[in-house]
Amino acid sequence: MGKDVIIACDFDSKEKTLSFLDKFKETKPFVKIGMELFYAEGPDIVRELKRRGHKVFLDLKLHDIPNTVKKSMAVLKSLDVDMTNLHAAGTKRMMSAAIEGLTREDGTRPILIAVTQLTSTDEESMKEDLLIEKPIDEVVMHYAKNAKDCGLDGVVCSPLEAGKVHDVCGKEFVAVTPGVRFADGDIGDQKRVMTPAQAKEIGSDYIVVGRPITAAEDPVFAYNRCVKEFVD
Ligand code: C5P
């Protein structure tokens, strides 16, 4: 699977999203639509961005009973998204059902990746709130292996975990990593960050970049800088 930069379009309306993407005259970046934009605009925003030629990662992090996830994935399949995701915590049965729902008649399907533990979850809250006693690294790698066993394509993880994910699940298993910042940029609320060049070095397959591009004075320049550091 090819390396790419995915722009997190964390906007609350179609107008803001399109006016941001209109700045890109020569390229059609791969974009991520999260819950905020999807809940604001519904499936039409996906259709519109696909119509304009963008690849779409629909980041809805499904987590429900297997049958519901299977049927929801079948709807996302008909929206023709390029990548989508779910929570590995939903169990292997749920992940297998998701694959079934997402697979087209010809056997192809969008890239499906799993969230292991959210990067906002630390070991303390895992123990206190979820009663999970194992070290967080072990839990993340176990969930990644479960995802691989069910036929998923990869996981969302911190750039710091990407190397280990590849060691455990193989180089073909993709690591999609947010938490990317330029060496001279603002970290904002992210805690563990890496530059696009470091993410490349450590073996990320896709980087998800939001504010370093969306809040930049010149978003096209910032995007091109990411591509240059990460892909070229
Ligand atoms: O603006 P920024 O580059 O921090 O955006 C990162 C994007 O990646 C956001 O859409 C955020 O929700 C998402 N994300 C993340 N950390 C995770 C999973 C997703 O930052 N563990």
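Biologist: Is Glu133 buried or exposed?
Modeller: In this predicted model, Glu133 counts as exposed because its relative accessibility is 56%, and the cut-off for exposed is over 50%.

Biologist: Where is Glu133 found?
Modeller: Glu133 sits in the loop between helix H6 (123–130) and helix H7 (136–149).

Biologist: Which residues form the negative surface patch?
Modeller: The patch consists of Asp122, Glu124, Glu128, Asp129 and Glu133.

Biologist: Moving to the backbone, what is the phi of Asp80?
Modeller: Asp80 has a phi of about 65°, a positive value although the residue is not a glycine. Asp80 belongs to the loop between helix H4 (66–78) and strand S4 (83–87).

Biologist: What is the relative accessible area of Asp80?
Modeller: The value is 39%, so Asp80 is partly exposed.

Biologist: And what about phi of Thr91?
Modeller: Thr91 is a residue other than glycine, and its phi is positive, near 85°. Thr91 is placed in the loop between S4 and helix H5 (92–102). With 42% relative accessibility, Thr91 counts as partly exposed.

Biologist: Let us turn to the whole chain. How many helices and strands are there?
Modeller: The chain has eleven helices and eight strands. Its radius of gyration is 17 Å, close to the 17 Å given by the globule rule for 232 residues, so the chain is as compact as a globular protein of that length.

Biologist: What box do the C-alpha atoms fill?
Modeller: Taken along the principal axes, the box is roughly 45 × 40 × 30 Å.

Biologist: And how many of the 232 residues count as buried, as a percentage?
Modeller: The buried share is 49% of the 232 residues.

Biologist: Now the charged pairs. How many salt bridges are there?
Modeller: The count comes to 16 salt bridges. One of them joins the side chains of Lys50 and Asp82, at 2.8 Å from N to O. That pair links distant parts of the chain, with Lys50 in helix H3 (residues 44–51) and Asp82 in the loop between H4 and S4, 32 residues apart.

Biologist: What is the relative accessibility of Lys50?
Modeller: Lys50 has 22% relative accessibility and therefore counts as partly exposed; the cut-off for buried is under 20%.

Biologist: Which residue meets Lys70 in a salt bridge?
Modeller: Lys70 meets Glu100, with a distance of 3.0 Å from N to O. This pair also links distant parts of the chain: Lys70 lies in helix H4 and Glu100 in helix H5, 30 residues apart.

Biologist: With which residue does Arg109 form a salt bridge?
Modeller: Arg109 pairs with Asp153, and the closest N and O atoms are 2.6 Å apart. Arg109 lies in the loop between H5 and strand S5 (111–115), and Asp153 lies in the loop between H7 and strand S6 (154–156), so the pair ties together parts that are 44 residues apart in sequence.

Biologist: Is Asp153 buried or exposed?
Modeller: Asp153 counts as buried because its relative accessibility is 15%.

Key. Residues are numbered from 1 along each chain as its sequence is written. This is a predicted model: local features need pLDDT of at least 70, side-chain atom pairs count only at pLDDT 80 or more; totals for chains, interfaces and linings use all residues. Side-chain values use heavy atoms; hydrogens and water are left out. Patches are made of residues with over 30% relative accessible area and no salt bridge: like charges are joined within 9 Å, nonpolar side chains (Val, Leu, Ile, Met, Phe, Trp, Tyr) within 5 Å. Accessible areas come from the Shrake-Rupley method with a 1.4 Å probe; for residues, only the protein chains shown count as cover. A salt bridge is a side-chain nitrogen of Lys or Arg within 4 Å of a carboxyl oxygen of Asp or Glu. Lys and Arg count as positive and Asp and Glu as negative; His and the chain ends are not counted. The place of a charge is taken as NZ of Lys, CZ of Arg, CG of Asp or CD of Glu. Helices (H or I, at least four residues) and strands (E, at least two) are DSSP runs, numbered from the N terminus. Buried means under 20% relative accessible area, exposed over 50%, partly exposed in between (1.4 Å probe, protein chains only). The radius of gyration is taken over C-alpha atoms; the globule rule is 2.2 Å times the number of residues to the power 0.38.
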